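Please read the following report alongside the sequence and the coordinates. It takes up confidence, sheet and helix, aromatic contacts and backbone geometry in turn.

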Amino acid sequence: MAETVLAATMLALLAISTLTLLPAVMGLVERNRQLNIANYLAHDTLEAFAARPFPTLVSGEQELGALVVPSPYRVTVFVAAIDGYSLERLKSIRVDVTWLYRDKTLSVQDELWVHAVRR
């Protein structure tokens, strides 16, 4: 009889601890899902801009054009000069992806240097 009560108590404690951890785990899963989407979005946007003709990449913030950005993400693309290099030969493309998660703004950045010499 005592063994049954002990087993039931252990099972109840296990169930309570599992149920209290579930919301925290679900929050982490959602945050990681959003982080993965933001990383893919940054990478895809960076590749799309790197594929553009070099002369069309002017310094400053870039227009996204036909690129579709899903909600709640915001994508900004910057083209800039790289210290010590001519803007006619080498440029930096930086993509910033930001989104709101639980009243906090999270962000992901990706950067690529592109040169005027095409293969």
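The sections below describe this predicted model.

## Confidence

The model is predicted, and the mean pLDDT of the chain is 88, with 98% of its residues reaching 70 or more. Among the elements of the chain, the lowest mean pLDDT, 85, belongs to helix α1 (residues 2–50), whereas β3 has the highest, at 95. Where pLDDT is low, predicted coordinates should not be read in detail.

## Sheet and helix

Four strands form an open sheet in the order β1-β2-β3-β4, and their pairing is antiparallel. Strands β1 and β4 (104–115) stand at the edges with a single partner strand each, so one side of each has no neighbour in the sheet. From one strand to the next, the twist averages 25°.

The antiparallel pairing of β1 with β2 extends over three bridges, and Glu-61 stands opposite Phe-78 of β2. Helix α1 lies across β1, β2, β3 and β4, and it runs at about 155° to β3.

## Aromatic rings and charges

A pair of aromatic rings is described by the distance of the centres and the angle of the planes. Two aromatic pairs occur in the structure. In the pair formed by Tyr-73 and Trp-99, the ring centres are 5.6 Å apart and the planes meet at 55°, so the pair is tilted; edge-to-face would require an angle over 60 degrees. This pair links distant parts of the chain, with Tyr-73 in the loop between β1 (60–62) and β2 (74–81) and Trp-99 in strand β3 (residues 90–101), 26 residues apart. Both Tyr-73 and Trp-99 are buried.

## Backbone geometry

Most residues other than glycine have a negative phi, and most peptide bonds are trans. The peptide bond from Ser-71 to Pro-72, however, is cis, with omega near 10°, and Pro-72 is placed in the loop between β1 and β2.

The loop between β3 and β4 contains Arg-102 as well as Asp-103. Arg-102 has a positive phi of about 50° although it is not a glycine, and for Asp-103, likewise a residue other than glycine, phi is positive and near 60°. Arg-102 is exposed, with a relative accessible area of 61%, and Asp-103 is exposed as well, with a relative accessible area of 76%.

Technical notes: Residues are numbered from 1 along each chain as its sequence is written. This is a predicted model: local features need pLDDT of at least 70, side-chain atom pairs count only at pLDDT 80 or more; totals for chains, interfaces and linings use all residues. Side-chain values use heavy atoms; hydrogens and water are left out. Rings of Phe, Tyr and Trp (its six-membered ring) pair if their centres lie within 6.5 Å; planes under 30 degrees apart count as stacked, over 60 as edge-to-face and the rest as tilted. Helices (H or I, at least four residues) and strands (E, at least two) are DSSP runs, numbered from the N terminus. Buried means under 20% relative accessible area, exposed over 50%, partly exposed in between (1.4 Å probe, protein chains only). pLDDT is the predictor's confidence in each residue, from 0 to 100. Two strands pair if DSSP finds at least two bridges between them. Axes are lines fitted to C-alpha atoms, for helices over the stretch in contact, and angles run from 0 to 180 degrees between N-to-C directions. Contact means heavy atoms within 4.5 Å.
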